[in-house]
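Q: Can you walk me through this one? I'm new to it.

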Amino acid sequence: MQSVLFNYAALMLSVVFLLRCCCCEPDPERRQQQRLKQDLLYNYSTTVSPQGTASRVMVSVSFAVIAVIAVEEANQMFRLSGALTMSWTDPWLTWDRSNDIEKLEFEPEEIWTPNFVIANGVGSKISSLSASMPISVYPSGTARMFMINEFETICNLDVVRYPYDEQVCRITVISLFNLDFGLGNQEYTNIFSTYFTGSSEWELVNKTISVKRVADRIPYVDLEFRLRRHSIFYTLSVIFPMCLLSFLNACVFLLPAASGEKVSFLVSIFVSEAVFLNYINDAIPKSGNASRLTIYLVLLLSQSALALLATLLVINTHHRQGALLCRLRKKIAVQSTSPLERGDDIKNDEAADRLDKIMFVLFVLMAALSILVFRI
């Protein structure tokens with residue numbers, strides 16, 4: 001009987017020991033953080049500014065670019081992915097360091113956060129930004145909020161020098177409430193900059209951040225991004241082929257007028273230009289301002305039309321004896337070595353050959369000068 005009681009008592013002690021082990025505090029530091037958060041949030045208002053209405057809350061801002069997504073010339077829009085960091089001091093969220101708690105994390109709905117808008121944002125990107133992760137708060141009351149998002153803004157694009165252009169786009173962060181902006185430490189945003197992904201079409205040349213004011217009263221943060229277009233693709237696939245076609249217009253005058261292939265050769269070049277223009281139509285920005293590339297393509301079509309008219313003139317000189325053409329042949333005729341062949345009896349092929357040489361030089365110069373449109 002005593003052995004049974006002894007076994008029963010041992011079993012009860014084992015159960016009590018197991019229950020105590022299960023019910024003991026698994027992480028006393030976590031429990032301490034929960035109690036501290038409850039104490040800090042007691043009677044805390046998320047709608048009241050930490051400084052009240054007496055003074056403005058100083059918000060330090062920093063920004064890191066993660067990726068340049070797109071620059072849309074037709075819609076005048078700029079899109080990039082980035083990390084916007086804001087930090088401020090909330091005197092209602094301070095505690096003593098003696099409890100060994102170095103940092104607390106709060107959800108954006110639990111504490112006061114700055115109210116701001118993207119002034120030049122598009123659609124839902126104007127005011128829909130929120131913290132991408134819990135807000136970190138330190139014993140001194142410093143709160144730090146990270147917003148990793150896709151920013152879409154309006155950008156006034158100047159495509160006059162397309163495709164050798166540079167663009168300046170901005171993100172404007174403004175607040176109409178009791179806020180004052182300052183430049184924050186780039187230490188945290190530099191972490192995101194290490195993951196920067198370049199664009200296949202655009203190169204990020206420079207990024208600047210500054211604090212400005214509207215009418216010397218309302219502060220705003222101006223984020224400026226200078227972008228340069230990668231032009232090697234357009235040079236090799238658009239400009240270089242069109243340049244070759246431009247010089248081929250001059251080569252039509254190397255064909256003899258008697259061959260009968262001048263017009264067909266020139267028409268083939270003109271059709272090639274038309275087909276190629278249809279191919280690169282999507283590459284040309286749809287903008288109110290004419291780009292250098294558009295002007296260059298118009299010049300090439302004009303050269304083709306002029307080359308066709310000049311070719312018809314050469315052919316008529318070779319085959320016909322009109323009064324106007326006779327006077328023209330007298331001015332451009334080559335002097336014959338025989339005195340009997342001077343005067344009006346000029347052979348048609350000699351006049352046509354002389355015209356071909358003049359037109360060839362003229363159209364080569366036109367093709368070369370047309371390229372200079374990108375240097376203006």
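**A quick tour**

A: Let's start with a cysteine: Cys-243 counts as buried because its relative accessibility is 13%. Keep in mind that this is a predicted model.

Q: And what about Cys-251, buried or partly exposed?
A: Cys-251 has 28% relative accessibility, so Cys-251 counts as partly exposed.

Q: How many disulfides does the count come to?
A: The count is 1 disulfide. The disulfide joins Cys-155 to Cys-169, with an S to S distance of 2.1 Å. The two cysteines are 14 residues apart and link distant parts of the chain. Cys-155 sits in the loop between strand S6 (142–154) and S7, while Cys-169 is in strand S7.

Q: How many bridges join S4 to S7?
A: There are 2 bridges between S4 and strand S7 (residues 166–174). Ile-118 has Val-173 in S7 as its bridge partner.

Q: New topic. How many salt bridges does the structure hold?
A: It holds 14 salt bridges. One of them pairs Glu-166 with Arg-226, the closest N and O atoms being 3.7 Å apart. Glu-166 lies in strand S7 and Arg-226 in strand S10 (residues 218–229), so this pair ties together parts 60 residues apart in sequence.

Q: What does Arg-170 meet in a salt bridge?
A: Glu-224, at 2.5 Å from N to O. Arg-170 is in strand S7 and Glu-224 in strand S10, so parts 54 residues apart in sequence are tied together. Glu-224 counts as buried because its relative accessibility is 19%, whereas Arg-170 is partly exposed at 32%.

Q: Which residues are linked in a network of salt bridges?
A: Glu-73, Asp-165, Glu-201 and Arg-229.

Q: Switching to the surface. Which helices each supply at least two residues of the nonpolar patch?
A: Helix H5 (262–279) and helix H6 (292–319). The patch includes Val-263, Val-267, Leu-306 and Leu-312, and its residues together have about 630 Å² of accessible area.

Q: Where does Val-263 lie?
A: In helix H5. Val-263 has 31% relative accessibility, so Val-263 counts as partly exposed.

How values were computed: Residues are numbered from 1 along each chain as its sequence is written. This is a predicted model: local features need pLDDT of at least 70, side-chain atom pairs count only at pLDDT 80 or more; totals for chains, interfaces and linings use all residues. Side-chain values use heavy atoms; hydrogens and water are left out. Two strands pair if DSSP finds at least two bridges between them. Helices (H or I, at least four residues) and strands (E, at least two) are DSSP runs, numbered from the N terminus. A disulfide is a pair of cysteine sulfur atoms within 2.5 Å. Buried means under 20% relative accessible area, exposed over 50%, partly exposed in between (1.4 Å probe, protein chains only). Patches are made of residues with over 30% relative accessible area and no salt bridge: like charges are joined within 9 Å, nonpolar side chains (Val, Leu, Ile, Met, Phe, Trp, Tyr) within 5 Å. Accessible areas come from the Shrake-Rupley method with a 1.4 Å probe; for residues, only the protein chains shown count as cover. A salt bridge is a side-chain nitrogen of Lys or Arg within 4 Å of a carboxyl oxygen of Asp or Glu.
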